[in-house]
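Here's a quick briefing to read with the model open beside you. Take a look at the fold, then work through the notes below.

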Amino acid sequence: FETLNFRKPPSDRLRDKLSRARGGATVGIMEALKGGATYDELIAMGYNETQLSNARRRLAERQKPVDVPRLVEDWAPILAQLANPQTDRALACKLIKLVPRGVYQNHPEIFVDLSEVARGAGLYPRGSWKGISFMANYLELQKQPVGRAVYEVKSGRQKGLRHCFFTLRRCEEEIRQLLFSAEGPRFDKMRQAPIRVIGPKPEKMPNTIDLEGRRVKGVKIRQYSGVFDLLGPYGITGRRQLPSLKTNLEDLIGPNPPVSVFSLWNGFFVANVDKQALGLHLARRLQEVSPGLDPAAPQKM
């Protein structure tokens, strides 16, 4: 609303009007806090954690900021029970479901990502969270402790609701053996490695994080690039243009490219050091499938 508002930053009075237009939760929380309300009293009034979280952000941006209290909970007793191998299995399955994402991430000595355990058992859940959710349901039926957390990413490629699944590190080996022996068509599909190589075999196979890029101190580092980007110099900027040439990207690459090309999910990747060689190969292939296409050499990769 800052873009549409005549005043920058908007006044607290205008923020109050906007809050009331949305239902008034932020104004209600603010007035309750001015009256001395505590976190528990706000919950008793009917406000949920999402409303308190939104109010915490909005009230912090005001000209006269208001601090919204947070739930302070001592997780030490629960963590001690989850880390203790003598804890009853049914109780551990119940307690792990209480653990939020922040606590799980801050205690790698107790928890481990379920995807990591699956990869150790030779399983590769596909990109959608539904694959790992199916695996989590299977483990719960086997009386294994599985935690779940849902959080929201508000920007970037991962924008939207994200799901994470985790288990206890002390149960890692037992769960790995269960997954290794699990049977069924969905597990058979997960045993197919997600990365396929076209062309010469590399000395070392990249993993999915290598292909999609990893963050180092907040900066995304990429040693591999999308193959489709190499077609830009030829005026091909969208996948829908390839069918008009009566081809697709995999056929264009062919079975014997000069360098290794990696297929992951629905994308194709090439090492940055091999981009130029693959670009020249794609130029020749484009001329074969569409002789009328501009034969100009690609711009410098």
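Let's start with the aromatics: Y104, F111 and F166 come together as one aromatic cluster. This is a predicted model, where local features need pLDDT of at least 70 and side-chain atom pairs count only at pLDDT 80 or more, while totals for chains, interfaces and linings use all residues. Residues are numbered from 1 along each chain as its sequence is written, and side-chain values use heavy atoms, with hydrogens and water left out.

**Aromatic rings**
- Rings of Phe, Tyr and Trp (its six-membered ring) pair if their centres lie within 6.5 Å; planes under 30 degrees apart are stacked, over 60 edge-to-face, and the rest tilted.
- The count by that rule is six aromatic pairs.
- F111 and F166 are edge-to-face, because their ring centres are 5.5 Å apart with the planes at 80°.
- That pair links distant parts of the chain, with F111 in strand 1 (residues 111–113) and F166 in strand 3 (residues 160–168), 55 residues apart; helices (H or I, at least four residues) and strands (E, at least two) are DSSP runs, numbered from the N terminus.
- F111 is buried at 2% relative accessibility, and F166 is buried at 0%; buried means under 20% relative accessible area, exposed over 50%, and partly exposed in between (1.4 Å probe, protein chains only).
- Y138 and F187 make an edge-to-face pair too, at 5.1 Å centre to centre and 70° between the planes.
- Y138 sits in helix 9 (residues 129–141) and F187 in helix 11 (residues 185–190), so this pair ties together parts 49 residues apart in sequence.

**Strand 8 and its partners**
- V261 and S263 point one way from strand 8 (residues 261–264), F262 and L264 point the other way, and all are buried.
- Strands pair if DSSP finds at least two bridges between them; four bridges join strand 8 to strand 4 (residues 195–198), antiparallel.
- Strand 8 also pairs in the antiparallel sense with strand 9 (residues 267–271), over four bridges.
- L264 is the bridge partner of I195, and in strand 9 L264 is partnered by G267.
- Strands 8 and 9 form a hairpin with two residues between them, and W265 in the turn has a positive phi of about 55°.
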